[in-house]
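Welcome! Please take a moment to look over the sequence and the 3D structure, and then we will walk through some details together.

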Amino acid sequence: MTSDAAVQSAIAHAEAILPGKPAPDGKRDPRWQAIIGVGRFIEERPEAVWRFALRWGKHAQLDLRMAVATCLLEHLLEHHFELIFPRVREAAMTSRRFAETFEVCWRFGPATVPENARRVDRLKRALARRRVR
């Protein structure tokens, strides 16, 4: 079991270098690496990871939001769908940027179960309708 101190240390490390700037093409991006480090705690510390993902999933920088989507949000939904999906829905309905972050997420694990997949699809359709208006 991981400690609260370990997840807080990973978050503090990431916060110290974010938002930063994307690394040049072909170079390892330390921001993405730091976000991956936070993602190591998804299974055992979802609340702390969720708070981090919510904050940075609304950031103006697209590349940073894509890191949050693919390294954190997809896997929070994979491991904690029932806990996280209602929060994702609320955040996506109130933040255009968070909606964009969610919309690029792929489905894994429980998010692929037919009823949950329908919930994800309904939310994505609702978000798309809001953009059209």
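## Ring pairs

How many aromatic pairs does the structure hold? The structure holds 3 aromatic pairs. For a pair, rings of Phe, Tyr and Trp (its six-membered ring) must have their centres within 6.5 Å; planes under 30 degrees apart count as stacked, over 60 as edge-to-face and the rest as tilted. The rings of Trp50 and Phe98 have centres 5.9 Å apart and planes at 80°, so this pair is edge-to-face. Distant parts of the chain are linked by the pair, with Trp50 in helix α3 and Phe98 in helix α5, 48 residues apart. Helices here are DSSP runs (H or I, at least four residues), numbered from the N terminus.

Before going further, a word on the model: it is predicted, so local features need pLDDT of at least 70 and side-chain atom pairs count only at pLDDT 80 or more, while totals for chains, interfaces and linings use all residues. Residues are numbered from 1 along each chain as its sequence is written, and side-chain values use heavy atoms, with hydrogens and water left out.

Are the two partners buried or exposed? Trp50 counts as buried because its relative accessibility is 6%, and Phe98 is buried too, with a relative accessible area of 0%. Buried means under 20% relative accessible area, exposed over 50%, and partly exposed in between (1.4 Å probe, protein chains only).

## Helix α3 and its neighbours

Helix α3 covers residues 46–56, and its buried residues are Pro46, Ala48, Val49, Trp50, Phe52, Ala53 and Trp56. Which helices do they pack against? The buried residues of α3 pack against α1 (4–17), α2 (30–39), α4 (62–94) and α5 (96–103). Contact means heavy atoms within 4.5 Å.

Val7 gives a view from helix α1. This valine is buried, with a relative accessible area of 1%. Leaving out residues up to four places away in sequence, Val7 touches Phe41, Arg45, Ala48 and Val49. Val7 and Phe41 are 34 residues apart in sequence, yet 6.3 Å apart in space, C-alpha to C-alpha.

## Two fully covered residues

Now look at Ala67 in helix α4. Ala67 is buried, with a relative accessible area of 0%. Neighbours within four places in sequence aside, Ala67 is in contact with Trp32, Ile35 and Leu72. From Ala67 to Val88 the step is 21 residues in sequence and 16 Å in space, C-alpha to C-alpha.

Thr101 lies in helix α5 and is buried, with a relative accessible area of 0%. Which residues does Thr101 touch, not counting those up to four places away in sequence? They are Gly57, Arg65, Met66, Val68, Ala69 and Leu73.

## A cluster, a charge and a cavity

Ring pairs also join Phe81, Phe85 and Phe102 into a cluster. Lys124 lies over the face of Phe102, at 5.4 Å from the ring centre. A charge sits over a ring if NZ of Lys or CZ of Arg is within 6 Å of the ring centre and within 35 degrees of the ring normal.

Rolling a probe the size of a water molecule over the atoms shows where empty space is left. The count comes to 1 cavity of 30 Å³ or more, and the largest cavity has a volume of about 30 Å³. On a 1 Å grid over the protein atoms alone, a cavity is a set of points where a 1.4 Å probe fits but cannot get out, and lining residues have an atom within 4 Å of a point. Grid points are joined across faces, edges and corners, and a volume is the space filled by probe spheres set on the points.

What lines the largest cavity? Its lining is Leu77, Phe102, Cys105, Trp106, Arg107, Ala111, Val120 and Lys124. By class, this lining has 6 nonpolar, no polar and 2 charged residues. Ala, Val, Leu, Ile, Met, Phe, Trp, Tyr, Cys and Pro count as nonpolar, Asp, Glu, Lys and Arg as charged, and the others, Gly among them, as polar.

Leu127 is found in helix α6 (residues 114–132) and counts as buried at 4% relative accessibility. Beyond residues up to four places away in sequence, Leu127 touches Ala92, Met93, Ala99, Phe102 and Glu103.

Finally, the peptide bond from Leu18 to Pro19 is cis, with omega near 5°. Pro19 has its place in the loop between α1 and α2.

How values were computed. 1 Å grid on protein atoms, 1.4 Å probe; cavity = no way out; pocket = protein on both sides within 12 Å on 5 of 7 lines; lining within 4 Å.
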